[in-house]
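Work through the exercises below with the model open beside you, and try each task before reading its solution.

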Amino acid sequence: MEAAYHEAGHAVFAALLGGRVVSATIERNAIDTPHFDGCVSVQWPSQQLSAHEQVRTEVLTALAGPVAEMIYRGEKLHPARVQEWANDWHTAMELTTGIVTDPLRRIALLEKLCQELFRLANDARIWQAIAEVADLLDTHETIDGEEVHETLDRWTS
């Protein structure tokens, strides 16, 4: 279920931030192991955001998976220190390279964005949307992006 919350976090925040979620998937990565991999496919609107705003949006989306999983687990961990989240952290670090060149300042920026995501994800309406999308993923393993958008609209409208 942790993987479902993780991918639901990515999907819900991508939709919240203006992306069009195409699909979300979780799948067992090997027979008889508890570990799941996941993927959220997002199409970002072209040329509506400045380059800086687009990077911020994509970084928030990358970090939203670990944040949702932390909230679900009830543990506030550092995304860089959890092996399963290394890809998300690496993506966020790479995306911000052109904005903040100093690695320590980049880490501080990403930590600040994680705090912002915690605040946003803990809003009851947003958390309900994440939980519902996670339930759909846990049940079906793959869902259409429209289900993400409809769920988010139901909880935030």
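Helices here are DSSP runs of H or I with at least four residues, and they are numbered from the N terminus. The model is a predicted one.

**Exercise 1.** Find where Leu77 lies, and decide whether Leu77 counts as buried, partly exposed or exposed.

*Solution.* Begin with the location: Leu77 sits in the loop that runs between α2 and α3. Next, take the cut-offs, by which a residue under 20% relative accessible area is buried and one over 50% is exposed, with partly exposed in between. Leu77 has a relative accessibility of 31%, and therefore counts as partly exposed. Finally, look at its surroundings: once neighbours within four places in sequence are set aside, Leu77 is in contact with Met70, Val82 and Trp85. Val67 is 10 residues from Leu77 in sequence, and their C-alpha atoms are 8.7 Å apart in space.

**Exercise 2.** Determine which residues of helix α3 are buried, and how they are arranged around the axis of α3.

*Solution.* Helix α3 covers residues 86–95, and its buried residues are Asp88, Trp89, Ala92 and Met93. Viewed down the axis of α3, these buried residues fall within an arc of 135 degrees, so they line one face of the helix.

**Exercise 3.** Describe how helix α5 packs against α1 and against α6.

*Solution.* Two packed helices are described by the angle between their axes and the distance between the axes. Start with α1 (residues 2–16) and α5 (residues 124–140), whose axes come within 8 Å and cross at roughly 125 degrees. The two helices are therefore oblique to each other, and the crossing of α1 and α5 is right-handed. Among the residues making this contact are Ala4, Val12 and Phe13 of α1, together with Trp127, Ile130 and Leu137 of α5. Sorted by class, the contact of α1 with α5 has 14 nonpolar residues, one polar and two charged.

Now turn to α5 and α6 (residues 145–156), which pack at an angle of about 150 degrees with their axes 9 Å apart. Because of that angle, α5 is roughly antiparallel to α6. The crossing of α5 with α6 is right-handed. The residues that meet include Arg125, Gln128 and Leu136 in α5, and Glu147, Leu152 and Trp155 in α6. This contact of α5 with α6 holds seven nonpolar, three polar and four charged residues.

Terms used. Residues numbered from 1 in each chain as written. Predicted model: local features only at pLDDT ≥ 70, side-chain atom pairs only at ≥ 80, totals over all residues. Heavy atoms only, no water. Axes fitted to C-alpha atoms, helices over the stretch in contact; angles between N-to-C directions. Parallel < 35°, antiparallel > 145°, perpendicular 65-115°, else oblique. Left-handed = near helix turned anticlockwise from the far one by under 90°. Contact = heavy atoms within 4.5 Å. Nonpolar A, V, L, I, M, F, W, Y, C, P; charged D, E, K, R; others polar. Buried < 20%, exposed > 50% of the residue type's maximum accessible area, 1.4 Å probe, protein only. Arc of directions from axis to C-beta.
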